[in-house]
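Dear colleague,

Please find the structure below. My notes on the side-chain contacts and the strand arrangement follow it.

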Amino acid sequence: MKHSKIKVAFFDTKPYDRQFFEAANRDPQYGFDIRFYETRLTPASAAIADGSQVVCAFVNDDLSEKTIRKLHEEGVKLIAMRCAGYNNVNLAAALGKLRVVRVPEYSPHAVAEYTMGLLLTLNRNLHRAYCRVRENNFSINGFLGFDLCGKTIGVVGTGKIGLTFVEILQGFGVKILAYDLFPKQEEAKRLHMEYVPLEELFRRSDVISLHCPLTPENRHMIDKKSIALMKPGVFLLNTSRGALIDAPALIQGLKKKKIGAAGLDVYEEETDYFFEDKSDAAIDDDVLARLLTFPNVIVTSHQAFFTREAETSIAEVTLRNIRDFFQGKELVNEICHLCDGKRSCPGKSNGTPCRKK
Ligand code: NAD
């Protein structure tokens with residue numbers, strides 16, 4: 001099939017997506033007919049994909065059973081996720097109907113560097129200092145931080161991003177604890193990190209950073225119970241997925257000063273807010289609104305991935321995934337239905353077990 005005849009319905013488009021995808025699509029090996037839509041993908045908006053063979057979707061699009069059924073009825077053959085996480089895709093519903101690809105790696109540096117930025121900003125109160133000085137207030141009262149050197153950092157999830165974060169930490173003279181369902185002992189030796197059970201990581205860390213995917217098993221891994229185990233004043237960083245943290249429990253921890261600071265690039269109920277300009281409206285979500293009141297909390301709008309390099313790579317890999325599908329090549333970035341989002345997996349979505357099983 002000629003590529004110019006392959007229609008791609010691109011949902012939740014922002015100007016920057018369009019810029020990078022149009023640039024990548026100029027390459028003669030792609031040249032797809034991409035239709036950019038600002039609307040998010042939902043069961044109701046799925047009808048827009050009518051006549052498209054491919055749907056390109058992002059982190060807050062709704063790929064529930066209902067949407068997938070609708071896309072299948074519209075003749076869509078492939079869902080091309082332009083992100084790494086796929087917790088919003090009902091893989092079981094797609095099995096036998098649609099194949100699902102993703103971009104498993106675009107720039108682990110983008111997210112890992114951003115995580116470090118959150119940590120340094122929170123610890124040294126850069127966010128508050130910036131505002132204070134602009135008001136001609138040159139006081140440093142309340143900005144007392146701590147030396148990271150000598151502290152213990154707990155990293156949950158030592159995949160591409162977690163390990164890149166650990167590499168960045170090498171320059172800080174910290175002790176690194178790690179937890180992963182699949183420990184990488186060689187990397188542990190190379191990067192001077194110690195794998196410990198999750199509870200031990202919670203008990204011993206001064207800073208805890210989440211870098212694991214969201215799965216049905218680890219939803220609210222940070223809750224009242226796990227917070228109770230942590231050191232008083234612990235810093236929590238989440239650049240992974242919002243639902244790893246039970247936000248009301250986090251708020252209680254912050255109020256009781258058990259949590260010293262939180263850097264959140266993701267939030268469980270982010271769908272209605274993140275990536276959108278809501279500056280003219282009041283926030284209906286009381287949990288988000290409360291989080292935004294703490295001076296020791298930074299919430300950002302799922303932007304850790306957002307670098308030139310990552311955007312270029314996302315566009316390139318997504319178009320390559322689509323090309324490979326239509327050329328009948330092996331889909332190296334297909335998601336395994338059998339894993340059903342339980343954990344990160346580089347396997348297949350046509351029912352073949354993934355390589356890790
Ligand atoms: P990855 O697949 O390379 O690594 C994930 C690691 O987590 C693996 O080692 C896996 O074994 C481990 N893991 C799985 N379940 C776990 C559990 N319950 N407890 C502990 N470890 C577990 O993924 P990655 O590229 O490093 O990305 C990690 C996550 O970061 C993604 O799943 C995604 O949710 C998030 N992410 C966020 C952004 C952003 O902009 N904020 C961008 C990209 C990715």
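This is a predicted model, in which local features need pLDDT of at least 70, side-chain atom pairs count only at pLDDT 80 or more, and totals for chains, interfaces and linings use all residues. Residues are numbered from 1 along each chain as its sequence is written, and side-chain values use heavy atoms, with hydrogens and water left out.

Strands and helices

Helices (H or I, at least four residues) and strands (E, at least two) are DSSP runs, numbered from the N terminus. Strand 1 (residues 7–10) and strand 2 (residues 33–36) run parallel and are joined by four bridges; two strands pair if DSSP finds at least two bridges between them. Phe10 has Phe36 in strand 2 as its bridge partner. From strand 1 the chain passes through helix 1 (residues 15–25) to strand 2, a β-α-β crossover that is right-handed (with the strands pointing away from the viewer, the path from the first strand over the helix to the second runs clockwise).

Buried means under 20% relative accessible area, exposed over 50%, and partly exposed in between (1.4 Å probe, protein chains only).

Salt bridges

With a salt bridge taken as a side-chain nitrogen of Lys or Arg within 4 Å of a carboxyl oxygen of Asp or Glu, the count is 21. One of them joins Lys14 to Asp12, at 3.2 Å from N to O. Lys14 is buried at 12% relative accessible area, and Asp12 is buried at 3%. Both residues belong to a salt-bridge network that also takes in Arg40 and Glu276.

Two other bridges lie within helices. Arg69 and Glu65 have their closest N and O atoms 3.5 Å apart; they are four residues apart in helix 2 (residues 65–73), so about one helical turn separates them. Arg69 is partly exposed at 39% relative accessibility, as is Glu65 at 40%. In helix 8 (residues 198–204), Glu199 and Arg203 are also four residues apart, about one helical turn, and their side chains form a salt bridge of 3.5 Å, N to O. Glu199 is partly exposed at 47% and Arg203 at 45%.

Aromatic contacts

There are ten aromatic pairs. Rings of Phe, Tyr and Trp (its six-membered ring) pair if their centres lie within 6.5 Å; planes under 30 degrees apart count as stacked, over 60 as edge-to-face and the rest as tilted. Phe58 and Phe275 form a tilted pair, 5.6 Å centre to centre with 55° between the planes. Phe58 is in the loop between strand 3 (54–57) and helix 2, and Phe275 in the loop between strand 11 (259–264) and helix 11 (286–291), so this pair ties together parts 217 residues apart in sequence. Phe58 is buried at 9% relative accessibility, and Phe275 is buried at 15%.

Phe58 also pairs edge-to-face with Phe305, at 5.7 Å centre to centre and 65° between the planes. Phe305 lies in the loop between strand 12 (297–299) and helix 12 (308–326), so here the parts tied together are 247 residues apart in sequence. Phe305 is buried, like Phe58. Ring pairs link Tyr16, Phe58, Phe275, Phe305 and Phe306 into a cluster.

Lastly, the charged end of Lys278 sits over the ring of Tyr273, 6.0 Å from its centre (NZ of Lys or CZ of Arg within 6 Å of the ring centre and within 35 degrees of the ring normal).

Regards
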